[in-house]
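Keep the viewer open as you read.

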Amino acid sequence: MSKVVIVTGGGRGIGAATAKLLAAKGYAVCVNYLANSARADDVVDCITHAGGRAFAHQADVSSETEVIHLFDATEAHFGPVTHLVNNAGVLFTQSKLVDIDLERFNQVLNSNVVSCFLCSREAVRRFKSGGVIVNVSSLASQTGSPFEYVDYAASKGAMDTLTKGLSREVAALGIRVNAVRPGFIYTDMHADGGEPGRVDRLAPQIPMQRGGTAEEVANTIAWLLSDEASYVTGSFIDVAGGR
Ligand code: NAP
């Protein structure tokens, strides 16, 4: 069976690097995005010009209906989905917890955790003979991100628990579920938090003295998806320069 992967939030940052790497490794790739169609189309163009297979699909992965359509569309293009990368995520302006309103808190949980639940459930329901899921969590699940984004960190903590629990439920079905926990990675996300230069500011606090690249995270995701990680499930790999 050919390898078919959905990368949620595959149009930018870590998702885009992952989509390109997986396509180069022979996966047929669905590049999911929320709003930025131009960036998703760029990723697809890059893959197809290199001889790979990819298509872009708009879906809000916190919507049950749209997740079902996402999987239907991928199956229509490439056949059964065999791999899933739950990468889509958001954070908002740096803030203390006491200043976070309920609407924002719910939005972060919906975008980061409900999306992971919905896509994972759909994948498990549809996997034909085993399958692999990689969740893109964050080192924030360990630090709690005080004074910046406790809401975001809490959503990643929930993602870690979902990873562990689901991995144990489906291990006997031949389905592996793991997570990566990136540290400070150069992507657009830090501008969304209000500080585009955040990674450079924090680099001196990182044991390796630098931020990470999306490609370095993608390499780890690709390994966890691969048969080289065939006895690895319910595990977490920090991609954080020693933090
Ligand atoms: P990014 O550059 O901001 O990209 C986020 C991606 O998620 C975008 O492609 C966006 O789509 C998509 N997205 C957001 N909400 C969505 C939704 N509801 N439905 C579908 N797609 C949605 O972020 P990134 O830094 O690459 O982050 C990717 C993942 O890594 C996230 O889960 C993030 O929490 C995690 N992470 C990042 C860092 C870091 O330092 N950058 C560290 C730890 C963990 P559009 O392009 O359409 O907007």
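Helix α1 crosses α2 in a right-handed sense. Keep in mind that this is a predicted model. Two packed helices are described by the angle between their axes and the distance between the axes. Here, α1 covers residues 13-24 and α2 covers residues 37-49, and they pack at an angle of about 20° with axes 10 Å apart. Angles under 35 degrees count as roughly parallel, so that's the label α1 and α2 get.

What makes the contact between α1 and α2? On the α1 side you'll find Ala16, Ala19, Lys20 and Ala23, while α2 brings Val43, Cys46 and Ile47. Sort the residues of that contact by type and you get 6 nonpolar, no polar and 1 charged.

Now for the aromatics. A search of the whole structure turns up 2 aromatic pairs. One of them joins Tyr149 and Tyr152: the ring centres sit 5.9 Å apart and the planes meet at 70°, so this pair is edge-to-face. The cut-off behind that label is an angle over 60 degrees. Tyr149 and Tyr152 are both buried, too.

Last stop: Glu122, which sits in helix α4, residues 102-126. Is Glu122 buried or exposed? Its relative accessibility is 7%, and buried means under 20%, so Glu122 counts as buried.

Definitions and conventions: Residues numbered from 1 in each chain as written. Predicted model: local features only at pLDDT ≥ 70, side-chain atom pairs only at ≥ 80, totals over all residues. Heavy atoms only, no water. Axes fitted to C-alpha atoms, helices over the stretch in contact; angles between N-to-C directions. Helix = DSSP H or I, 4+ residues; strand = E, 2+ residues; numbered from the N terminus. Parallel < 35°, antiparallel > 145°, perpendicular 65-115°, else oblique. Left-handed = near helix turned anticlockwise from the far one by under 90°. Contact = heavy atoms within 4.5 Å. Nonpolar A, V, L, I, M, F, W, Y, C, P; charged D, E, K, R; others polar. Phe/Tyr/Trp six-rings, centres within 6.5 Å; stacked < 30°, edge-to-face > 60°. Buried < 20%, exposed > 50% of the residue type's maximum accessible area, 1.4 Å probe, protein only.
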